[in-house]
Amino acid sequence: MTNYNFTDGVERNVTIGKLVCLARTYKKHAQEMKSDVTEDPLFFLKPASAVIFNGESIVTPEMSKCLHHEVELGVVIGEKCKNVSQKNALDYVLGYLLALDITARDIQSEAKKKGFPWDIAKGFDTFAPISDVVLKEDVPNPNNLDISLKVNQEIRQNSNTSNMIYSVERIIGFISQIMTLEQGDLIMTGTPEGVGEIVAGDLLEAELGNICSLKVNVS
Ligand code: MG
């Protein structure tokens, strides 16, 4: 069990729970994947054991020959909730972070073809790098945050959370109809366009507004 770190350096003893990851939440990313956008959010789970932190390394698994980066806004739940209305959804948020949904794209493509679950492509150790958490009090509007990712200094992904098809409120409301959200659960809200390959030796640097950053490499 691992705890979150916070941008203000205060230790809060919040353990990382389940990782609920959204897919196809930005139209242009759905287009680049030749996927349809769904009416309700589409999601899968990643294990908390996949989490790594600032300064650590994404490890390429032997089973994959093609890792992709996906930079995403992460929403950390602060309080247990179920069947939350959109109006009250943000009351249950502790804060926000930057997350990378690292994906073994070759394994995922194979799974998609066969109609199998994606977990095998998403759940490897080190496949969920996360930044420190910014408390929600310091984030006036999670639905309007610049989000970007550079690989070896080159901008690969650059968008704003206002381009998401679903608001953070809608996402929390929808997921909480299916599963109880608990303190420390992390919702990864899906990636904008520009996903691409990363290889050993690459340096990944992500920014969320001016409120947090994440730097990891690939080993
Ligand atoms: Mg993703």
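In the predicted model described here, the magnesium ion is coordinated by Glu70 (OE), Glu72 (OE) and Asp101 (OD) at 2.0 to 2.1 Å, where donors are N, O and S atoms within 2.8 Å of the metal (3.2 Å for Na, K and Ca), and sites may look incomplete because water is not among the atoms. Along the chain, these donors follow the spacing E-x1-E-x28-D. Glutamate 70 and glutamate 72 are both buried, a word used for residues under 20% relative accessible area, whereas exposed means over 50% and partly exposed covers the range in between (1.4 Å probe, protein chains only). Residues are numbered from 1 along each chain as its sequence is written, and side-chain values use heavy atoms, with hydrogens and water left out. As the model is predicted, local features need pLDDT of at least 70 and side-chain atom pairs count only at pLDDT 80 or more, while totals for chains, interfaces and linings use all residues.

The chain has four helices and 16 strands, these being DSSP runs (helices H or I, at least four residues; strands E, at least two) numbered from the N terminus. The C-alpha trace spans about 40 × 40 × 30 Å along its principal axes, and 52% of the 219 residues are buried.

One cavity of 30 Å³ or more is present in the structure, and the largest cavity has a volume of about 120 Å³. A cavity is a set of points, on a 1 Å grid over the protein atoms alone, where a 1.4 Å probe fits but cannot get out, and its lining residues have an atom within 4 Å of a point; grid points are joined across faces, edges and corners, and the volume is the space filled by probe spheres set on the points. The largest cavity is lined by 17 residues, among which Ala23, Arg24, His29, Glu70 and Trp118 lie nearest its centre. The elements that give two or more residues to this lining are β1 (19–23), α1 (27–32) and α2 (105–114), and the largest share, three residues, comes from α2. By class, the lining has six nonpolar, five polar and six charged residues, with Ala, Val, Leu, Ile, Met, Phe, Trp, Tyr, Cys and Pro counted as nonpolar, Asp, Glu, Lys and Arg as charged, and the others, Gly among them, as polar.

Most residues other than glycine have a negative phi.

The structure holds zero disulfides, a disulfide being a pair of cysteine sulfur atoms within 2.5 Å. For cysteine 81, the closest cysteine sulfur, in cysteine 21, is 17 Å away and therefore too far for a bond. Cysteine 81 is buried, with a relative accessible area of 5%, and cysteine 21 also counts as buried, at 0% relative accessibility.

Key:
On a 1 Å grid over the protein atoms alone, a cavity is a set of points where a 1.4 Å probe fits but cannot get out, and a pocket is an open set with protein on both sides within 12 Å along at least five of seven lines; lining residues have an atom within 4 Å of a point.
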